[in-house]
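Please look through the structure below before reading on.

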Amino acid sequence: MVGSSFDTCTDTTLSLQRVELRNVGHTAGALQRVDVKQSRATPLLLSAWSRVVPDEGGVASVSTQLSDYSIYADITYVDGTHLWAYSIPFDPMHTTADDDGWQQGYGVLPAPKAIEAVVLVCMYRWQIGTVLFDDVCLSNLETGICTLQV
């Protein structure tokens with residue numbers, strides 16, 4: 001969703017995204033640009049849920065780079081400068097009986113100056129398997145912090 005209004009997660013929440021890889025040399029993900037157009041520098045909260053879909057025989061390959069299974073953001077500031085590769089990693093080995101393997105990731109996007117736009121990527125690369133991403137949310141820190149389940 002592209003838009004300049006994102007007071008709550010309902011305005012910028014991405015629904016369930018399935019990302020599947022069958023070749024370690026490939027990458028996959030879902031990408032969305034959010035035009036923020038801040039008039040003053042305000043940190044943003046980025047959060048998402050994800051889980052690995054168990055395959056027969058378990059996970060065949062796990063990358064050692066934290067950003068390879070993550071919610072990933074490239075930030076453009078209003079002056080045209082960038083912060084590349086801000087990532088919130090997920091654990092590809094996370095499994096628990098009480099939550100079906102879902103894990104929440106979140107982080108605060110730095111705003112040393114006003115943010116123009118954020119490109120969000122549900123990242124899964126250099127691995128074999130399937131992951132799900134859900135409730136990807138970019139929000140103002142003040143409103144978004146109340147939605148976290150910590």
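The sections below go from the overall fold to a strand, a core and some individual residues.

## Overall fold

This is a predicted model, and its protein chain is built from two helices and eight strands.

Among the contacts in the protein chain with a separation of 6 or more, 79% are between residues 24 or more positions apart. Of the 150 residues, 45% count as buried, while the accessible surface of the chain comes to about 7700 Å², with 54% of that area belonging to carbon and sulfur atoms.

## Strand β3 and its partners

Strand β3, which covers residues 44-53, is largely enclosed by the rest of the structure, because nine of its 10 residues are buried. On the pairing side, β3 runs antiparallel to strand β6 (residues 103-109) over seven bridges, and the bridge partner of L44 in β6 is L109. Strand β3 also pairs with strand β8 (residues 129-140), again in the antiparallel sense, over nine bridges; here L45 has S139 of β8 as its bridge partner.

In soluble globular proteins, nonpolar side chains tend to be buried together. In this model the largest nonpolar core has 26 residues, and the members that touch the most others are L46, I71, L109, I115, V118, L120 and L138. Two or more residues of this core come from each of β2 (27-35), β3, β4 (69-77), β5 (82-89), β7 (115-125) and β8.

## A buried serine

Which residues does S50 touch, leaving aside those up to four places away in sequence? They are Y69, F90, G101, W102, Q103, V131, L132 and F133. S50 itself lies in strand β3 and is buried, with a relative accessible area of 0%.

Two polar contacts can be described for the side chain of S50: one joins it to the side chain of Y69 at 2.7 Å, and in the other it reaches the backbone oxygen of L132 at 2.6 Å.

## Aromatic pairs

How many aromatic pairs does a search of the whole structure find? The search finds four. In one of them, the rings of Y69 and Y124 have their centres 5.7 Å apart and their planes at 80°, so the pair is edge-to-face. This pair links distant parts of the chain, since Y69 is in strand β4 and Y124 in strand β7, 55 residues apart. Y69 is buried, with a relative accessible area of 2%, and Y124, at 3% relative accessibility, counts as buried as well.

The rings of F90 and F133 have their centres 6.0 Å apart and their planes at 70°, so this pair is also edge-to-face.

A85, in strand β5, has a positive phi of about 65° although it is not a glycine. Is A85 buried or partly exposed? With a relative accessible area of 40%, A85 is partly exposed.

D135, found in strand β8, likewise has a positive phi, of about 50°, without being a glycine. At 38% relative accessibility, D135 also counts as partly exposed.

Key: Residues are numbered from 1 along each chain as its sequence is written. Side-chain values use heavy atoms; hydrogens and water are left out. Helices (H or I, at least four residues) and strands (E, at least two) are DSSP runs, numbered from the N terminus. Buried means under 20% relative accessible area, exposed over 50%, partly exposed in between (1.4 Å probe, protein chains only). Contact means heavy atoms within 4.5 Å. Accessible areas come from the Shrake-Rupley method with a 1.4 Å probe; for residues, only the protein chains shown count as cover. Two strands pair if DSSP finds at least two bridges between them. A nonpolar core is a set of buried Ala, Val, Leu, Ile, Met, Phe, Trp, Tyr and Cys residues joined through side-chain atoms within 4.5 Å. A polar contact is a pair of N or O atoms within 3.5 Å; within protein, one must be able to donate a hydrogen and the other to accept it, and residues adjacent in sequence count only if both atoms are side-chain atoms. Rings of Phe, Tyr and Trp (its six-membered ring) pair if their centres lie within 6.5 Å; planes under 30 degrees apart count as stacked, over 60 as edge-to-face and the rest as tilted.
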